[in-house]
Amino acid sequence: MTQKLLIGFVADLNGNKNAIFSAEPVIRVDGTDYLAHNGRHDAASLVAITAETATYVHRFRESSHRPHASGDVVWLIGASLRGSIDSVNPLLPVLRRVRDWETYEVQGFAWTTGSRTALYDLRMQARNAVQPLLLSAVADDMELRAGDGRTYFELFSELSPVEDLDYFLTRALYYRQLRDLNREELTAVYAAGILRQVRSARHFRKLLHRRIADLNAERVVSASTRTVPIATGAMSEYWRQAFSSTLFISNFDTRPFRLSSQEHALRMAHLEALTDRRALDVWSPWELEDRDRDRDRVGNRLHAVEVGQHLRTPTVTSDEERG
Amino acid sequence: MSDSGDSGAPEVDDFAGAPDAARRQFDAYRQRTRETDYAERLRTALAEYQSVESFDVGDLVQWKRYMRTRPYPLNGAPAIVVARANGHDQGSPVEGDDEVDDIVLGFLDGDDQFHMFPFPSARFTRYLD
């Protein structure tokens, strides 16, 4: 039987320094080089490398040539991702074997061989291993900004073999905790565009709120990240008084909100918080919309209660403020 | 620490009182030695070390597989050959090597400051950008 020798692969390495991915192998059979689609050896899957296509082939040094098993593709990992893995290696034993991958001379990539399915499994295991580390990190402001939070986030993002709902929610949570509202919103938009189970960006934000509530319930995410906004300046005193005389209720994401007559003050305080980076928590415009709608829903219920309790005098809430 | 491994006899704790990092490193080493392909990986490491390449000043190089023994440079990150060293032995008994540091490599640190240190060239391979 003619030996099939793995001699290289076809892939574009540029821009993939922070990625782990697979590439089509190039094998040598009887002195002729072929690209083997999906690593298969049948005649239909082999495409001869010509003089024109030879420039696209990355060739291993001769000492790295090895017998090629049908179905195996070349696994590649970029230098940046290798560096991230190195830095948290003790925490991710599933990735320790990356050290066994052979060094490729171009741009610091490392490589090994295996099936696409096995690579998917490895990446999913690694993602599952790094996710708890990331969730712990986002609950700790120091870890998030000055510790390993960013490394965990990059590992989670790059190792993930699939962009599913859990992937998007975890990434959005990270951006939320960083107060990076633009990226959080982009994540919601992408998720709505890619996932069938997400109807819209607004629906995604609902799901995110549920995830936050779940994490809070498990005390995985620090309660300190879900505090009431602390406004500063003259408005804060107004706000403090407004809160002190107002009924609070916790909505789904555990933020207290107030009802009826002091709504304007609350809105002003939130706007102040939005423009004041010293605020502990910032509500984005879409959250204000969500809050308004939920406040209306819950407010109507409380309104009925108050009607019963206070001589059938409804709490005043202007239509204008409700929008 | 008791050892549930091969001998059955309690293992001597060589790292009693040692810093946690040293103990963790030793525990990890002990774990590796028990793995079935440990011997095969040793052979691979030797083959890597023995495939010596020659470098000229200005060449970019990177660590070979299993060959990184210092924090700088990172795995997969390039360093530049600054000079051939004078061949004096920089090996330390703690590191357990008697290697000759025969090339000087330069790299930029996080503050973009250029550092140069002698390294054994046998631990490095080419880096192409």
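**Note on helix H5 and its neighbours in chain A**

1. H5(A) and H6(A) are roughly antiparallel to each other, where roughly antiparallel stands for an angle over 145 degrees, under 35 being roughly parallel, 65 to 115 roughly perpendicular and the rest oblique. The two helices span residues 165–177 and residues 181–194 of chain A. Their axes come within 8 Å and cross at roughly 165°. Axes here are lines fitted to C-alpha atoms, for helices over the stretch in contact, with angles from 0 to 180 degrees between N-to-C directions. H5(A) passes H6(A) in a left-handed crossing; left-handed means that the near helix is turned anticlockwise from the far one by less than a right angle, and right-handed means clockwise.

2. The model is predicted, so local features need pLDDT of at least 70 and side-chain atom pairs count only at pLDDT 80 or more, while totals for chains, interfaces and linings use all residues. Residues are numbered from 1 along each chain as its sequence is written, chains are lettered from A and ligands numbered from 1 in the order in which they are written, and side-chain values use heavy atoms, with hydrogens and water left out.

3. Which residues of H5(A) meet H6(A)? They are A:Phe168, A:Arg171, A:Ala172, A:Tyr175 and A:Arg176. Contact means heavy atoms within 4.5 Å. On the H6(A) side are A:Arg183, A:Glu184, A:Thr187, A:Tyr190, A:Ala191 and A:Ile194. By class, this contact has 6 nonpolar, 1 polar and 4 charged residues. Nonpolar covers Ala, Val, Leu, Ile, Met, Phe, Trp, Tyr, Cys and Pro; charged covers Asp, Glu, Lys and Arg; the others, Gly among them, are polar.

4. H4(A) is another partner of H5(A). The axes of H4(A), residues 149–159, and H5(A) come within 11 Å and cross at roughly 160°. That makes this pair roughly antiparallel. H4(A) passes H5(A) in a left-handed crossing. Residues of H4(A) in the contact include A:Phe153 and A:Phe156. Those of H5(A) include A:Thr170 and A:Tyr174. The contact has 5 nonpolar, 3 polar and 3 charged residues.

5. How do H5(A) and H7(A) pack? The angle is about 75°, and the axes are 10 Å apart. H5(A) is therefore roughly perpendicular to H7(A). From H5(A), the contact includes A:Leu165, A:Leu169 and A:Leu173. From H7(A), it includes A:Phe204, A:Leu208 and A:Arg211. Here the classes are 10 nonpolar, 2 polar and 3 charged.

6. A:Thr170 lies in helix H5 of chain A. Is A:Thr170 buried or exposed? It is buried, at a relative accessible area of 2%. Buried means under 20% relative accessible area, exposed over 50%, and partly exposed in between, with a 1.4 Å probe and protein chains only. Beyond its neighbours within four places in sequence, A:Thr170 is in contact with A:Gln131, A:Leu134, A:Leu135, A:Phe156 and A:Arg211.

7. A:Val198 sits in the loop between H6 and H7 of chain A. A:Val198 also counts as buried, at 2% relative accessibility. A:Val198 and A:Leu165 are 33 residues apart in sequence, yet 8.2 Å apart in space, C-alpha to C-alpha. Not counting residues up to four places away, A:Val198 touches A:Leu165, A:Ala191, A:Ala192, A:His203, A:Phe204 and A:Leu207.

8. Now the whole chain. Chain A has 11 helices and 11 strands; these are DSSP runs numbered from the N terminus, helices being H or I of at least four residues and strands E of at least two. Of its 323 residues, 49% count as buried.
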